[in-house]
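Visitor: Please take a close look at the inside of this protein chain, and say what packs there. After that, go on to the parts around it.

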Amino acid sequence: MAKPKVFISSTFYDLRHIRIDLERFIRDLGYDTIMNEFGNIPYGKDEHLEHYCYKEIDNADILVSIIGGRYGSESKYDKYSISQMEFKSAYDLNKQVYIFIEKGVYNEYQFYLKNKENSNVNYSFVDNIKIHQFIESIEVLPNNNTIHSFETSNDITTFLKDQWAGLFQRFLKEQTRQKEINIIKGIENTAKTLNQLVTFLTEEKRDSENAINEILLSNHPAMEQIKELLQIPYRVYFTNKEEFYDLIKARGYRLNIDNFEFNQFEEWILEKNSKIFKLAIDTDIFNADNKLKIFTKEEWNNDFIKLQIEDIDDDLPF
């Protein structure tokens, strides 16, 4: 079972004791940490080392940003420090971010706001005024930018424990609510189908075969299954192989022409977030004219469309 991954972002030498305490706290919760000093970041040979830090944030679920009095190393890519760029990368990827600032630094930041136009002010708690400028840029962000001050690592772990417990409780509530929503949607779809049948029988449509097929297609089990497998949030509808291909291509899948594992199966693949998604399609669900065959839910077999998810082998030579 996949564990939540938490990226710890901060300067190292001045905050290493905080980082060690956080790593222990997160490990005790059963989560995984991503920390440079523990070898959690795989470095390649083609980019500067900091690039791989930002790349690894894409694999994280949460970023904990700790801001102290040291600015740290300047980024090779932008006007910020590396730890500041880590925050920006997580924010741009819409990751859940928690921001903690040393109490002395945050108190001095309030003084900075009142005196930032005065270039003669010397600051005691930071070694570079860019730290205060960066905090100011965080505060004006529209969301995902809640800041908390801290004195000890216990201040951080206590806050995170309460936050993550709250997220878990919310998740359980949403799961229960989602089941209720799915039941309601199922009832609505059934009612819609019945209304269509009533309309058809009442108006005595002349092209009866086509009319019945259209009604049955609107609730075809293939559409329900592909919607669930690919986690598509909107209604799925297709009537032939071309429309079906357009749908899965729009989700980023491409046909694997090298796969001959199954006779009547076609394999479509998608590489994302260090994983490969393999979608196997039984082409027998389409007739000789490439139109989708009619199946009732009792006739449908979930093995007609299968999704397999594998980790991409990162153990490659450099």
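**Surface, core and surroundings**

Guide: The protein chain exposes about 20100 Å², and 48% of this area comes from carbon and sulfur atoms. Accessible areas are from the Shrake-Rupley method with a 1.4 Å probe, and for residues only the protein chains shown count as cover. The model is predicted, so local features need pLDDT of at least 70 and side-chain atom pairs count only at pLDDT 80 or more, while totals for chains, interfaces and linings use all residues. Residues are numbered from 1 along each chain as its sequence is written, and side-chain values use heavy atoms, with hydrogens and water left out.

Of the 318 residues in the protein chain, 36% are buried. Buried means under 20% relative accessible area, exposed means over 50%, and partly exposed lies in between (1.4 Å probe, protein chains only). The chain has nine helices and nine strands; these are DSSP runs numbered from the N terminus, helices being H or I with at least four residues and strands E with at least two. Among contacts with a separation of 6 or more, 61% join residues 24 or more positions apart. A contact here is a pair of heavy atoms within 4.5 Å.

Now the core. A nonpolar core is a set of buried Ala, Val, Leu, Ile, Met, Phe, Trp, Tyr and Cys residues joined through side-chain atoms within 4.5 Å. The largest one has 29 residues, and Ile67, Ile99, Ile101 and Ile135 have the most contacts inside it. At least two residues of this core come from each of helix H2 (49-57), strand S3 (62-67), helix H3 (82-92), strand S4 (96-102), helix H4 (103-115) and helix H5 (130-139).

Ile101 shows the packing in detail. Apart from its neighbours within four places in sequence, Ile101 touches Ile67, Tyr106, Ile135, Ile147, His148, Ser149 and Phe150. In S4, five of the seven residues are buried, so this strand is largely enclosed by the rest of the structure. S3 and S4 run parallel and are joined by six bridges; strands count as paired if DSSP finds at least two bridges between them. One of these bridges has Ile62 with Gln96 of S4 as its partner.

Gln84 lies in H3 and counts as buried, because its relative accessibility is 6%. Residues up to four places away aside, Gln84 is in contact with Tyr71, Lys130, Ile131 and Phe134.

Aromatic side chains come next. The structure holds 21 aromatic pairs, that is, rings of Phe, Tyr and Trp (its six-membered ring) with centres within 6.5 Å; planes under 30 degrees apart are stacked, over 60 edge-to-face and the rest tilted. Phe25 and Trp164 are a stacked pair, because their ring centres are 6.0 Å apart and their planes are at 20°. This pair links helix H1 (residues 16-28), which holds Phe25, with helix H6 (residues 153-203), which holds Trp164, across 139 residues. Both Phe25 and Trp164 are buried. One aromatic cluster is formed by Phe25, Tyr31, Tyr98, Phe100, Phe159 and Trp164.

A second, separate core has 25 residues, including Met223, Phe238, Phe295 and Phe304. Phe295 also pairs with Trp300: the ring centres are 5.3 Å apart and the planes at 85°, so this pair is edge-to-face. Phe295 and Trp300 are both buried.

An open sheet of four strands has the order S6-S7-S8-S9, with antiparallel pairing. Strand S6 (254-255) and S9 are its edges, each pairing on one side only. S6 is joined by two bridges to strand S7 (residues 265-272), and Arg254 has Ile269 of S7 as its bridge partner. The charged end of Lys306 sits over the ring of Phe265, 5.0 Å from its centre. This label requires NZ of Lys or CZ of Arg within 6 Å of the ring centre and within 35 degrees of the ring normal.

Most residues other than glycine have a negative phi. Gln231 is not a glycine, yet has a positive phi of about 50°; it lies in the loop between helix H8 (221-229) and helix H9 (241-250) and is exposed, with a relative accessible area of 67%. Asn290, also not a glycine, has a positive phi of about 65°. Asn290 is in the loop between strand S8 (275-282) and strand S9 (305-311), and is partly exposed at a relative accessible area of 36%.
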